[in-house]
Amino acid sequence: MIRTVITGSTGRMGSTLLRLARDAKDLQVVGATVRPGSAAAGQDAGLAARLGSALDVLLMDDLDRTLALSKADVVVDFTGPQASLAHARTCAERGVPLVMGSTGFSPEDDAELRECSRRVPIVAAPNMSVGVNLVIRMAAELARVLGPSFDVEVLEAHHRMKKDAPSGTALKLAEVLAESLGRTRDDLTFVRDGQTGPRSPGEIGVQALRGGDVVGEHTVYFFGEGERIELTHRATNRDQFALGALRAARWVAGRAPGLYDMADVLGLQGKT
Ligand SMILES: NC(=O)C1=CN([C@@H]2O[C@H](COP(=O)(O)OP(=O)(O)OC[C@H]3O[C@@H](n4cnc5c(N)ncnc54)[C@H](OP(=O)(O)O)[C@@H]3O)[C@@H](O)[C@H]2O)C=CC1
Ligand SMILES: O=C(O)C1=N[C@H](C(=O)O)C[C@H](O)C1
């Protein structure tokens, strides 16, 4: 059994992870956390996350203490960038592998995460759905073969509560597309407003929609002369993100320190 701690376990992703980890035969939830000072601390994690029954795991509001008491093999964290970074430091100090799905990191945050990964293995990916990771691979391949004569744009849509824009997945798609086309992050265009003039040939547009309960949708457009290709992924619930994260949890437990992503977990590295 892989002894698993879920942070932010009453959140949208945290509660989904808790339910699917509870139902997995090879995982045992040995700890669950909430934000420091949360009124939910001390409650049963299953009841607080509305899973319909008790889990016999009490919510704690301190990951360090949770790890001290739980002998965890892995932490799965989808709490948001600042909390995730603090959790990465704690995992590094305690020597516990981490699967981290939060988005919205600054370049400085990325550097700190990489520093933590010198001490423990960390899987970090803006999207843990297997389907999205295949779409990322396909987008890179399409860009490489179609080349610069196609105009490439990324459009994403998410629920009204999402805090960061564009989504981490859209950024990852744009970065992969830029790499395939021999372009850089400076070629990404996030805003078009006013007298923009004609589209410059090298740019890659990245746009975000927000509203309602949209779980997560990403489309890459390849606009050519007389034809257009659209590559779309639509998530209709959060289970595939969580199942991907739990797959990463099984994969990362016992690995050497390092910063890994879902391409490593899925064996997709270097396959195009
Ligand atoms: N990689 C992927 O596949 C996916 C990534 N995401 C990303 O995951 C992150 C979370 O998304 P989502 O679940 O929708 O967000 P939610 O706001 O629903 O969940 C975050 C949870 O973390 C809790 N939290 C905040 N700080 C701490 C802390 N220090 N310790 C413990 N718990 C804490 C929050 O508590 P409180 O409510 O009290 O603030 C909340 O319950 C986002 O960055 C999102 O972009 C989302 C889906 C898929
Ligand atoms: O916040 C979300 O909900 C999601 N965030 C991730 C992102 O920013 O790419 C992944 C997913 O689309 C849901």
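Biologist: At what angle to strand 4 does helix 4 run?

Modeller: Helix 4 (residues 81-94) lies across strand 3 (74-77), strand 4 (98-100) and strand 5 (121-124). Helices (H or I, at least four residues) and strands (E, at least two) are DSSP runs, numbered from the N terminus; residues are in contact if their C-beta atoms, placed from the backbone, lie within 7 Å. Axes are lines fitted to C-alpha atoms, for helices over the stretch in contact, and angles run from 0 to 180 degrees between N-to-C directions. Helix 4 runs to strand 4 at about 170°.

Biologist: What kind of model is this?

Modeller: Residues are numbered from 1 along each chain as its sequence is written, while chains are lettered from A and ligands numbered from 1 in the order in which they are written. Local features need pLDDT of at least 70, side-chain atom pairs count only at pLDDT 80 or more, and totals for chains, interfaces and linings use all residues, for this is a predicted model.

Biologist: In what order do the six strands of the open sheet stand?

Modeller: The pairing in this sheet is parallel; two strands pair if DSSP finds at least two bridges between them. Strand 2 (27-32) and strand 11 (258-260) are the edge strands, pairing on one side only. Neighbours are turned by 25° against each other on average, direction ignored. The order is 2-1-3-4-5-11.

Biologist: Which residue of strand 2 is the bridge partner of isoleucine 2?

Modeller: Strand 1 (residues 2-6) and strand 2 are joined in the parallel sense by five bridges. Isoleucine 2 takes part, and its partner in strand 2 is leucine 27.

Biologist: Which helix gives the most residues to the shell around ligand 1?

Modeller: The shell has 25 residues, with Gly8, Gly11, Met13, Ala83 and Gly101 the closest; a residue is near if its C-beta atom, placed from the backbone, lies within 6 Å. By class there are nine nonpolar, 14 polar and two charged residues. Ala, Val, Leu, Ile, Met, Phe, Trp, Tyr, Cys and Pro count as nonpolar, Asp, Glu, Lys and Arg as charged, and the others, Gly among them, as polar. With three residues, the top contributor is helix 1 (residues 12-23).

Biologist: How many polar residues are in the shell around ligand 2?

Modeller: Among the residues around ligand 2 are Thr103, Asn127, His158 and Lys162. One residue of the shell is nonpolar and one is charged; the polar residues number seven.

Biologist: Why is one side of strand 7 and of strand 10 left without a neighbour in the sheet?

Modeller: Their open sheet has five strands in the order 7-8-6-9-10, with mixed pairing. Strand 7 (188-189) and strand 10 (228-235) lack a neighbour on one side because each stands at an edge, with a single partner strand.

Biologist: What angle does helix 6 make with strand 10?

Modeller: Helix 6 (residues 130-146) packs on this sheet and touches strand 6, strand 9 and strand 10. Its direction makes with that of strand 10 an angle of about 170°.

Key. Contact = placed C-beta atoms within 7 Å.
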